[in-house]
Amino acid sequence: MENLIEISNLTFSRGGRIIYDDISLQIQKGKTTAIMGPSGIGKTTMLRLMGGQLIPDKGDIKFKGESIPNMRRNRLFEVRRQMSMLFQSGALFTDMSVFDNIAFPLREHTKLSESIIHTIVLLKLQAVGLRGAADLMPAELSGGMARRAALARAIALDPELIMYDEPFAGQDPISMGVLVKLIKALNDALQLTSVVVTHDVNEVLTIADYIYILAEKRVIGSGTPEQIKNSDSPLVQQFLQGKADGPVPFHYPANSTAQAFLGSAS
Amino acid sequence: MKWFINLGANTLNRLEMFGRATFMLFGAIVAKPQPLKMIPLTIKQIHVVGVQSLLIIVVSGLFIGMVMALQGYTILVDYGAEGSLGPMVALSLLRELGPVVTALLFAGRAGSALTAEIGLMKATEQLSSLEMMAVDPLRRVIAPRLWAGIISMPMLALIFSAVGILGGHLVGVDWLGVDSGSYWSIMQATVDWNKDVVNGIIKSIVFAFVITWIATFKGYDSIPTSEGISKATTETVVFSSLAVLGLDFILTALMFGIE
Amino acid sequence: MKSKKAELLVGVFVALTIAAGLMLALNVANQSMASSEDSYILYAKFDNIGGLKVRSAVKVGGVTVGRVDNITLSNSDFTPLVTMSISTEFNQFPETSSVSILTSGLLGEQYIGFQPGFAIDGVENLAQGDYIEDTKSALVLEDLIGQFLFSSNDG
């Protein structure tokens with residue numbers, strides 16, 4: 001199986017805090033790979049590293065065999081046209097209509113005529129079920145609709161790789177179902193590679209081909225959904241079942257309760 | 001000892017910030033300009049930054065001119081020199097109040113809005129998303145706003161001075177009864193195009209540059225949280241107002257101080 | 001449609017600025033472009049110009065008829081040479097006219113007082129490039145006091 005992205009021995013720290021310590025993972029071409037983990041371990045950071053917005057301290061990230069951190073800026077911008085990212089907030093441009101938002105990458109990077117752009121935009125909107133909302137402003141959309149519009153924008157240039165940053169966070173069950181269906185359908189129809197960063201266990205288990213679970217600065221488990229479900233790692237099981245206490249402690253590290261509540265008098 | 005450490009750390013922070021601001025400026029303006037894409041974007045921003053500040057500029061200009069005529073008249077009339085009201089109003093507007101008051105109002109009205117807008121674009125990941133779409137946000141978002149600010153503010157300052165002189169006429173001539181002919185003619189005899197009007201325009205171009213630079217940078221460099229953006233907006237107004245007043249002294253000394 | 005409206009308003013903004021600039025240029029700084037065309041040049045030599053400046057007014061009986069264009073020192077006899085531009089509206093001054101440097105009020109600006117001479121037969125009118133021969137210099141306070149002291153000593 002061919003790997004679209006290969007991350008090897010990656011170390012990254014920010015503000016003196018180590019976020020990843022010597023991580024390696026692979027994203028297979030044409031598959032949906034999920035990266036899961038508790039909040040605050042820098043899953044979004046991983047996507048930014050893949051997109052070349054952040055530079056790792058050590059290690060390498062290869063996109064189609066080419067090292068992203070070592071790329072010159074112009075080349076990086078060329079490579080980015082083959083990938084797109086769906087941001088958590090959607091990140092639609094608030095000063096243009098939904099139509100113009102989706103036309104934006106086409107107008108920036110292609111020399112297509114306005115009538116062709118019009119057709120493409122409506123096709124992409126049709127694919128996410130928002131053709132009727134083309135003339136609305138982003139502020140008039142609900143959260144789920146904004147994310148779908150952003151998805152339409154993300155696929156406007158027919159990229160090879162889509163990175164989803166928490167696509168399910170804060171969505172009602174219906175929107176969530178719609179998004180799950182869309183991600184799956186896009187992956188199958190367009191033959192593209194997807195990376196989904198999330199902590200919504202059930203949704204991921206239905207769409208992912210391969211799963212990495214990150215915690216404590218490293219990969220604590222990986223495999224197909226079946227393998228993950230049957231993992232005997234207590235950390236993985238705690239995460240999957242959502243137990244309050246376990247290897248990831250309920251309490252934030254602190255001094256002992258006796259010391260805190262009985263005071264220094266003791 | 002601690003005092004020195006703080007001083008050192010502060011200085012280093014400031015220098016680092018200045019470095020980042022310079023990088024942003026170069027990235028936005030110097031590197032590979034694309035005039036065809038820039039012009040429509042800049043016009044749109046002139047609308048936001050310039051046209052929408054027009055009302056406040058016209059109203060304040062009118063009132064400042066009127067107040068100056070009122071105050072000036074009561075002082076000048078004691079010396080029988082109320083004929084000099086025209087040059088007094090015109091010179092103070094053209095040399096000082098036009099550029100400076102416009103700059104302060106511009107910092108409050110347009111500068112803070114620029115910072116907040118760019119900060120929010122950062123917070124809602126719009127800047128990041130531009131970057132991931134292989135579009136440079138410096139050129140797409142920052143550069144048109146910088147140009148729009150640098151172009152609009154001197155225009156606003158000119159309008160401010162003109163309206164102020166009309167306001168002075170309104171109070172001085174129509175209300176207090178200074179002779180209209182002497183209001184204009186003594187003004188004309190005193191005001192010099194190059195020395196007064198052009199120097200005023202140069203001042204306002206410098207102020208415009210500094211304010212817009214600070215405003216765009218503070219937005220671009222803000223911490224993308226509601227607290228960070230509100231801090232950045234406040235800093236824009238405070239820093240650019242101080243910068244304008246400080247620069248005004250230096251420019252005035254250079255232009256009028258040394259004959 | 002939305003951007004059309006923005007463009008329109010920006011257009012209005014630019015027009016307003018041009019109007020303000022023109023007003024400042026013509027009404028306030030008096031950069032009238034017409035003035036250089038509709039005027040003629042006269043020269044006058046003074047012994048002392050006092051505080052006369054470029055752009056000072058040239059007045060006939062208090063009416064401004066022109067402005068001082070230039071002040072230089074004549075190289076041949078080291079006296080100040082004043083160039084005046086007079087509006088062509090007033091082109092009937094006889095050659096016998098005189099000019100003097102006067103002060104408006106006690107502390108006011110200095111200006112050139114233009115005293116038209118008598119129009120007798122055979123006297124031509126002043127025209128472009130003519131020199132006015134009859135000039136009175138500015139009063140310099142120090143000279144005045146000096147004169148006063150000397151004359152009182154003599155008496």
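A nonpolar core is a set of buried Ala, Val, Leu, Ile, Met, Phe, Trp, Tyr and Cys residues joined through side-chain atoms within 4.5 Å. Keep that in mind for these close-ups of a predicted model.

**View 1. The largest nonpolar core, with residues from chains B and C.** This core has 53 residues, and Ile165(B), Tyr183(B), Met187(B), Val191(B), Phe13(C) and Val28(C) touch the most other members. At least two residues each come from several helices, including α7 (180–190) of chain B and α1 (2–28) of chain C. The top giver is α4(B), with 13 residues.

**View 2. Zooming in on Val191(B) and its contacts.** Skip the neighbours within four places in sequence, and Val191(B) still contacts Ala90(B), Leu91(B), Leu94(B), Asp196(B) and Val197(B), plus Val28(C) and Ala29(C).

**View 3. Thr233(B), a residue of helix α9 in chain B.** Is Thr233(B) buried or exposed? Buried means under 20% relative accessible area, and Thr233(B) comes in at 17%, so it counts as buried. Its side chain reaches the backbone oxygen of Ile229(B) at 2.6 Å. Beyond four places in sequence, Thr233(B) touches Ser112(B), Thr115(B) and Ala116(B).

**View 4. Strand β7 of chain A, largely enclosed by the rest of the structure.** Why call it enclosed? Because five of its five residues are buried. Leu161(A), Met163(A) and Asp165(A) sit on one side, with Ile162(A) and Tyr164(A) on the other.

**View 5. The strands paired with β7(A).** Strand β6(A) runs parallel to β7(A), joined by four bridges, and Leu86(A) stands opposite Tyr164(A). Five bridges link β7(A) to β8(A), also parallel; here Leu161(A) partners Thr193(A). Together with helix α6(A), β7(A) and β8(A) make a right-handed β-α-β unit.

Technical notes. Residues numbered from 1 in each chain as written. Chains lettered and ligands numbered in written order. Predicted model: local features only at pLDDT ≥ 70, side-chain atom pairs only at ≥ 80, totals over all residues. Heavy atoms only, no water. Buried < 20%, exposed > 50% of the residue type's maximum accessible area, 1.4 Å probe, protein only. Polar contact = N/O pair within 3.5 Å; in protein donor to acceptor, adjacent residues only side chain to side chain. Contact = heavy atoms within 4.5 Å. Pairing = 2+ DSSP bridges. Right-handed = clockwise from strand over helix to strand, strands pointing away.
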